[in-house]
Amino acid sequence: FGNNSSMSERKVINSISKDYELWESFRNGNEKAFSEIFNAHVQMLFRYGIKFIADEEMVKDSIQELFIKLYHNRQNLSATDNIRLYLFRALKNKLIDALYSRKDTVSLSSAVLTFEIANPEEPDQEDDWDRIVQKSRLKKGIQALTARQREAIYLRYTMDMSLEEISSLLEMNYQSARNLIHRSVEKLRKELLLNLALLIYLAFN
(Lines give C-alpha, C1' and ligand atoms only; values in the text may rest on other atoms or scores of the structure.)
Protein backbone atom coordinates (compact mmCIF):
# COMPACT_ATOMS: atom_id res chain seq x y z
CA PHE A 1 0.00 0.00 0.00
CA GLY A 2 2.87 2.34 0.81
CA ASN A 3 4.34 2.04 -2.68
CA ASN A 4 0.96 2.68 -4.32
CA SER A 5 0.46 5.76 -2.16
CA SER A 6 3.91 7.09 -3.04
CA MET A 7 3.30 6.52 -6.75
CA SER A 8 -0.04 8.33 -6.56
CA GLU A 9 1.54 11.26 -4.75
CA ARG A 10 4.31 11.49 -7.35
CA LYS A 11 1.73 11.55 -10.15
CA VAL A 12 -0.13 14.40 -8.48
CA ILE A 13 3.09 16.34 -7.94
CA ASN A 14 4.16 15.79 -11.55
CA SER A 15 0.74 16.90 -12.82
CA ILE A 16 0.85 20.05 -10.68
CA SER A 17 4.37 20.84 -11.87
CA LYS A 18 3.46 20.27 -15.52
CA ASP A 19 0.34 22.43 -15.30
CA TYR A 20 2.23 25.24 -13.60
CA GLU A 21 5.04 25.21 -16.17
CA LEU A 22 2.62 24.98 -19.11
CA TRP A 23 0.49 27.84 -17.79
CA GLU A 24 3.55 30.01 -17.14
CA SER A 25 4.78 29.31 -20.66
CA PHE A 26 1.40 30.39 -22.04
CA ARG A 27 1.39 33.53 -19.91
CA ASN A 28 4.80 34.39 -21.32
CA GLY A 29 3.49 34.26 -24.89
CA ASN A 30 4.29 30.71 -26.00
CA GLU A 31 1.83 29.92 -28.83
CA LYS A 32 2.50 26.19 -28.62
CA ALA A 33 1.57 26.18 -24.94
CA PHE A 34 -1.71 27.95 -25.73
CA SER A 35 -2.55 25.37 -28.41
CA GLU A 36 -1.72 22.53 -26.03
CA ILE A 37 -3.99 23.96 -23.34
CA PHE A 38 -6.82 24.49 -25.83
CA ASN A 39 -6.57 21.04 -27.43
CA ALA A 40 -6.32 19.25 -24.08
CA HIS A 41 -9.37 20.92 -22.54
CA VAL A 42 -11.82 22.09 -25.22
CA GLN A 43 -13.80 18.83 -25.44
CA MET A 44 -14.16 18.35 -21.69
CA LEU A 45 -15.18 22.00 -21.34
CA PHE A 46 -17.91 21.46 -23.91
CA ARG A 47 -19.16 18.32 -22.15
CA TYR A 48 -19.21 20.21 -18.86
CA GLY A 49 -20.89 23.30 -20.29
CA ILE A 50 -23.62 21.39 -22.08
CA LYS A 51 -24.71 19.97 -18.71
CA PHE A 52 -25.76 23.50 -17.70
CA ILE A 53 -27.13 24.86 -20.98
CA ALA A 54 -28.74 22.73 -23.69
CA ASP A 55 -27.94 25.34 -26.35
CA GLU A 56 -24.79 23.86 -27.91
CA GLU A 57 -24.02 27.00 -29.92
CA MET A 58 -24.12 29.15 -26.80
CA VAL A 59 -21.73 26.77 -25.05
CA LYS A 60 -19.37 26.71 -28.05
CA ASP A 61 -19.46 30.52 -28.30
CA SER A 62 -18.77 30.83 -24.57
CA ILE A 63 -15.76 28.51 -24.82
CA GLN A 64 -14.44 30.41 -27.83
CA GLU A 65 -14.88 33.75 -26.08
CA LEU A 66 -13.21 32.35 -22.98
CA PHE A 67 -10.06 31.31 -24.85
CA ILE A 68 -9.94 34.56 -26.83
CA LYS A 69 -10.10 36.51 -23.57
CA LEU A 70 -7.43 34.31 -21.99
CA TYR A 71 -5.17 34.78 -24.99
CA HIS A 72 -5.45 38.56 -25.09
CA ASN A 73 -5.10 38.94 -21.31
CA ARG A 74 -2.54 36.18 -20.76
CA GLN A 75 0.11 38.45 -19.25
CA ASN A 76 -2.34 39.61 -16.57
CA LEU A 77 -3.65 36.17 -15.66
CA SER A 78 -2.98 34.73 -12.22
CA ALA A 79 -0.73 31.71 -11.87
CA THR A 80 -2.28 28.26 -11.52
CA ASP A 81 -1.09 24.71 -11.00
CA ASN A 82 -4.47 23.24 -12.01
CA ILE A 83 -5.45 24.34 -15.51
CA ARG A 84 -8.58 22.18 -15.76
CA LEU A 85 -10.02 23.58 -12.54
CA TYR A 86 -9.14 27.14 -13.64
CA LEU A 87 -10.92 26.67 -16.98
CA PHE A 88 -13.97 24.92 -15.53
CA ARG A 89 -14.50 27.78 -13.09
CA ALA A 90 -13.96 30.37 -15.82
CA LEU A 91 -16.42 28.65 -18.17
CA LYS A 92 -19.07 28.45 -15.46
CA ASN A 93 -18.78 32.20 -14.91
CA LYS A 94 -18.82 32.79 -18.68
CA LEU A 95 -22.06 30.82 -19.03
CA ILE A 96 -23.65 32.92 -16.30
CA ASP A 97 -22.57 36.04 -18.22
CA ALA A 98 -24.04 34.59 -21.42
CA LEU A 99 -27.39 34.04 -19.71
CA TYR A 100 -27.26 37.51 -18.21
CA SER A 101 -27.01 38.96 -21.72
CA ARG A 102 -30.35 37.44 -22.70
CA LYS A 103 -33.08 40.08 -22.83
CA ASP A 104 -35.52 37.95 -20.86
CA THR A 105 -33.11 37.45 -17.97
CA VAL A 106 -33.87 39.69 -15.01
CA SER A 107 -31.65 38.28 -12.27
CA LEU A 108 -29.35 35.31 -12.10
CA SER A 109 -26.80 33.60 -9.89
CA SER A 110 -24.75 30.42 -10.21
CA ALA A 111 -27.35 28.69 -8.03
CA VAL A 112 -29.86 28.69 -10.89
CA LEU A 113 -27.53 26.97 -13.33
CA THR A 114 -29.30 23.62 -13.54
CA PHE A 115 -26.87 20.76 -14.02
CA GLU A 116 -28.36 17.97 -16.12
CA ILE A 117 -26.87 14.63 -17.09
CA ALA A 118 -29.13 14.11 -20.07
CA ASN A 119 -29.97 10.54 -21.03
CA PRO A 120 -26.91 8.79 -19.58
CA GLU A 121 -25.99 5.87 -21.80
CA GLU A 122 -29.25 5.60 -23.72
CA PRO A 123 -30.02 1.99 -24.63
CA ASP A 124 -29.53 1.03 -28.25
CA GLN A 125 -31.09 -1.69 -30.37
CA GLU A 126 -28.33 -4.19 -29.59
CA ASP A 127 -28.80 -3.97 -25.81
CA ASP A 128 -30.34 -6.97 -24.06
CA TRP A 129 -33.22 -6.55 -21.62
CA ASP A 130 -31.03 -6.58 -18.49
CA ARG A 131 -28.86 -3.78 -19.82
CA ILE A 132 -31.89 -1.71 -20.85
CA VAL A 133 -33.33 -2.11 -17.34
CA GLN A 134 -30.00 -1.10 -15.75
CA LYS A 135 -29.75 2.05 -17.88
CA SER A 136 -33.35 2.97 -17.13
CA ARG A 137 -32.74 2.60 -13.40
CA LEU A 138 -29.56 4.67 -13.60
CA LYS A 139 -31.33 7.46 -15.48
CA LYS A 140 -34.19 7.59 -12.94
CA GLY A 141 -31.74 7.54 -10.06
CA ILE A 142 -29.71 10.44 -11.45
CA GLN A 143 -32.85 12.48 -12.16
CA ALA A 144 -33.82 12.08 -8.50
CA LEU A 145 -30.68 13.97 -7.42
CA THR A 146 -30.56 17.73 -7.09
CA ALA A 147 -28.66 19.74 -9.70
CA ARG A 148 -25.81 20.30 -7.24
CA GLN A 149 -25.65 16.61 -6.39
CA ARG A 150 -25.55 15.69 -10.07
CA GLU A 151 -22.70 18.11 -10.66
CA ALA A 152 -20.73 16.77 -7.70
CA ILE A 153 -21.21 13.16 -8.85
CA TYR A 154 -20.20 14.09 -12.41
CA LEU A 155 -17.06 15.89 -11.28
CA ARG A 156 -16.04 13.11 -8.90
CA TYR A 157 -16.76 9.99 -10.93
CA THR A 158 -16.72 11.14 -14.56
CA MET A 159 -14.06 13.88 -14.42
CA ASP A 160 -12.16 12.12 -11.63
CA MET A 161 -11.71 15.35 -9.68
CA SER A 162 -10.39 15.35 -6.14
CA LEU A 163 -12.52 16.55 -3.24
CA GLU A 164 -10.29 19.61 -3.01
CA GLU A 165 -11.01 20.47 -6.65
CA ILE A 166 -14.75 19.89 -6.27
CA SER A 167 -14.96 22.02 -3.12
CA SER A 168 -13.16 24.83 -4.94
CA LEU A 169 -15.35 24.64 -8.04
CA LEU A 170 -18.59 24.40 -6.05
CA GLU A 171 -17.40 27.08 -3.63
CA MET A 172 -17.81 25.06 -0.46
CA ASN A 173 -15.42 23.75 2.15
CA TYR A 174 -13.80 20.32 1.92
CA GLN A 175 -16.07 18.62 4.47
CA SER A 176 -19.22 20.01 2.85
CA ALA A 177 -18.10 18.68 -0.54
CA ARG A 178 -17.37 15.30 0.99
CA ASN A 179 -20.78 15.19 2.69
CA LEU A 180 -22.52 16.26 -0.52
CA ILE A 181 -20.97 13.42 -2.52
CA HIS A 182 -21.65 10.88 0.24
CA ARG A 183 -25.31 11.91 0.44
CA SER A 184 -25.59 11.86 -3.35
CA VAL A 185 -24.20 8.34 -3.59
CA GLU A 186 -26.48 7.13 -0.79
CA LYS A 187 -29.52 8.72 -2.40
CA LEU A 188 -28.61 7.24 -5.79
CA ARG A 189 -28.17 3.81 -4.23
CA LYS A 190 -31.57 4.02 -2.53
CA GLU A 191 -33.27 5.18 -5.74
CA LEU A 192 -31.72 2.31 -7.70
CA LEU A 193 -32.87 -0.21 -5.12
CA LEU A 194 -36.37 1.31 -5.07
CA ASN A 195 -36.60 1.15 -8.87
CA LEU A 196 -35.39 -2.44 -8.82
CA ALA A 197 -38.02 -3.39 -6.24
CA LEU A 198 -40.74 -1.75 -8.37
CA LEU A 199 -39.57 -3.59 -11.50
CA ILE A 200 -39.63 -6.92 -9.65
CA TYR A 201 -43.13 -6.17 -8.32
CA LEU A 202 -44.41 -5.27 -11.80
CA ALA A 203 -42.82 -8.37 -13.31
CA PHE A 204 -44.68 -10.71 -10.97
CA ASN A 205 -48.04 -8.92 -10.81
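Trainee: How many aromatic pairs does the count come to by this rule?

Mentor: The count comes to 12 aromatic pairs; rings of Phe, Tyr and Trp (its six-membered ring) pair if their centres lie within 6.5 Å, with planes under 30 degrees apart called stacked, over 60 edge-to-face and the rest tilted. Mind you, this is a predicted model, where local features need pLDDT of at least 70, side-chain atom pairs count only at pLDDT 80 or more, and totals for chains, interfaces and linings use all residues. Residues are numbered from 1 along each chain as its sequence is written, and side-chain values use heavy atoms, leaving out hydrogens and water.

Trainee: What makes F34 and F67 an edge-to-face pair?

Mentor: Their centres are 6.2 Å apart with 80° between the planes, so they meet the 6.5 Å limit and the over-60 rule. F34 lies in helix α2 and F67 in helix α3 (residues 56-72), so the pair ties together parts 33 residues apart in sequence.

Trainee: Why is F34 called buried?

Mentor: Buried means under 20% relative accessible area, exposed over 50%, partly exposed in between (1.4 Å probe, protein chains only). F34 has 16%, so F34 is buried. F67, at 4%, counts as buried too.

Trainee: Why is R74 said to sit over the ring of Y71?

Mentor: The rule wants NZ of Lys or CZ of Arg within 6 Å of the ring centre and within 35 degrees of the ring normal. The charged end of R74 is 4.3 Å from the centre of the Y71 ring. Y71 is also in a cluster linked by ring pairs, with F34 and F67 among its members.

Conventions:
Helices (H or I, at least four residues) and strands (E, at least two) are DSSP runs, numbered from the N terminus.
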